[in-house]
Amino acid sequence: MSTTTPPKTFHVKSFGCQMNVYDGERMAELLTAQGLTAADARDDADLVVLNTCHIREKATEKVYSDIGRLRREDGSSPLIAVAGCVAQAEGAEIMARAPSVKVVVGPQAYHRLPDMVAEAAAGKRATETDMPAEAKFAALPKRRRSGPTAFLTVQEGCDKFCTYCVVPYTRGAEISRPFTDLVEEAKLLVAGGAREITLLGQNVNAWEGEDDKGRAVGLDGLIRALAADPDLARIRYTTSHPNDMTDGLIAAHGEVDKLMPFLHLPVQAGNDRVLRAMNRSHSVDSYLKVLDRVRATRPDIALSGDFIVGFPGETDAEFEDTLRLVDAVGYAQAFSFKYSARPGTPAATMADHVAAEVMDERLKRLQDALNRDQVAFNRASVGRTCDVLVERRGKLPGQWLGKSPWLQSVHFIGDAQIGDIVRVELVEAGANSLAGTVLPRAA
Ligand code: SAM
Ligand code: SF4
């Protein structure tokens with residue numbers, strides 16, 4: 001058993017989804033509250049936390065190569081903690097395969113990180129993968145500072161069990177954080193500088209709770225309550241399941257001005273047999289009907305989605321159905337992935353795995369179609385006037401970068417500060433960003 005000096009500096013590196021980004025921020029706050037100082041570069045840190053993602057194969061491999069890269073020229077390593085979903089799913093294997101890792105902590109147990117780091121400094125490798133999610137939130141320090149945009153995890157875990165997905169195993173059963181805790185955390189984020197809050201959950205629209213008057217409310221009730229804060233300008237939420245788009249949430253898109261006109265609604269595939277094999281519990285038609293209803297309440301809504309190509313047994317004709325769905329919807333942006341067999345999920349042992357070259361070709365065709373629609377959406381935005389929330393400086397003198405209501409990146413030159421909401425006319429569109437010119441605010 002070899003002891004080391006307790007770490008004074010730390011660096012958290014988060015992989016994967018926005019919920020991991022949120023967890024990474026909370027871990028940093030926790031370590032800061034213990035008196036450690038954040039280091040910008042991992043080479044300058046005594047403690048490195050790799051906050052991992054297990055959703056696809058490459059993400060796991062990246063963790064192992066990152067562990068290797070942390071070895072310094074003199075052969076030493078910082079104290080390494082592996083957190084997140086790979087820690088949850090493969091903690092024992094990591095401990096066996098990577099002796100330099102001293103702490104393994106799952107996504108529902110990271111409030112214990114400081115104690116575990118202390119144990120590791122005292123020479124004892126520590127693993128914690130219990131799942132009492134509410135204990136974690138209660139044990140975290142209060143939020144203090146925020147950038148102009150902030151994430152707020154409102155819901156964790158998933159009970160849907162899509163046959164390809166590890167989330168129900170790594171993040172556990174679906175839980176909703178209590179309404180009053182969320183209203184309080186949102187207030188602190190706004191007091192710390194946030195103008196926009198994105199509500200997060202693996203199935204964020206399954207969030208449910210009781211409001212301050214004891215009434216049962218869904219995500220729309222939470223959104224309406226947060227919108228009442230005059231200093232909060234924008235609200236977003238992600239990621240949603242098509243079956244949990246309630247009437248109330250759809251109506252909120254037409255009624256709550258602060259709810260931005262953007263909806264990320266994963267569909268995964270455009271063929272009903274594939275959707276059934278995925279256990280998605282919605283059909284192509286029911287998905288399209290949800291989109292129609294959202295568009296009816298908010299005609300300018302920008303749509304986004306997630307797609308998987310090459311699910312086991314997916315035929316060429318079934319993949320063509322996915323391209324047809326993309327043509328029918330016209331997404332403003334989307335994420336698309338090759339199917340990745342995840343150990344322990346039902347799809348991993350299904351017959352007829354699709355050949356790698358076929359997946360490559362399907363992904364390319366799908367991404368070409370999605371890129372075409374993204375460019376078309378951006379071009380169609382030219383001439384619109386909109387508010388841009390300023391997030392950071394651009395590379396050119398006087399240039400600022402921010403987001404349109406439709407989550408497009410917009411750059412403009414003018415007088416502004418981070419956190420300002422500036423009125424611009426969109427004048428030029430590229431595939432990934434638009435140029436704007438500043439308009440005077442109406443008096
Ligand atoms: N809860 C969300 C939903 O229902 O769509 C998604 C959460 S998951 C973290 C994000 C995306 O990863 C999924 O929408 C899916 O497209 C993709 N994904 C999940 N498992 C995958 C797998 N085994 N292979 C490839 N992509 C996967
Ligand atoms: Fe995974 Fe499906 Fe749950 Fe989304 S709904 S997290 S894809 S199991």
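Cys 386 has a relative accessible area of 2%, and because the cut-off for buried is under 20%, Cys 386 counts as buried. Cys 158 is also placed in the buried class, at 11% relative accessibility. A disulfide is a covalent bond between the sulfur atoms of two cysteines. The structure holds zero disulfides. These values come from a predicted model.

The ligand site comes next. Around ligand 1 there are 16 residues, and the closest of them are Tyr 164, Gln 202, Gln 268, Asp 306 and Ser 340. Sorted by class, this shell contains six nonpolar, five polar and five charged residues.

For Arg 56, an N or O atom of the side chain lies 3.2 Å from an oxygen atom of ligand 1. At Ser 340 the contact involves the backbone: one of its polar backbone atoms is 2.8 Å from a nitrogen atom of ligand 1.

How much of the surface of ligand 1 does the protein bury? On its own, ligand 1 exposes 560 Å², and 92% of that is buried by the protein.

Methods. Residues numbered from 1 in each chain as written. Chains lettered and ligands numbered in written order. Predicted model: local features only at pLDDT ≥ 70, side-chain atom pairs only at ≥ 80, totals over all residues. Heavy atoms only, no water. Near = heavy atom within 4 Å. Polar contact = N/O pair within 3.5 Å; in protein donor to acceptor, adjacent residues only side chain to side chain. Areas by Shrake-Rupley, 256 points an atom, 1.4 Å probe, with all protein chains shown as cover. Nonpolar A, V, L, I, M, F, W, Y, C, P; charged D, E, K, R; others polar. Disulfide = S-S within 2.5 Å. Buried < 20%, exposed > 50% of the residue type's maximum accessible area, 1.4 Å probe, protein only.
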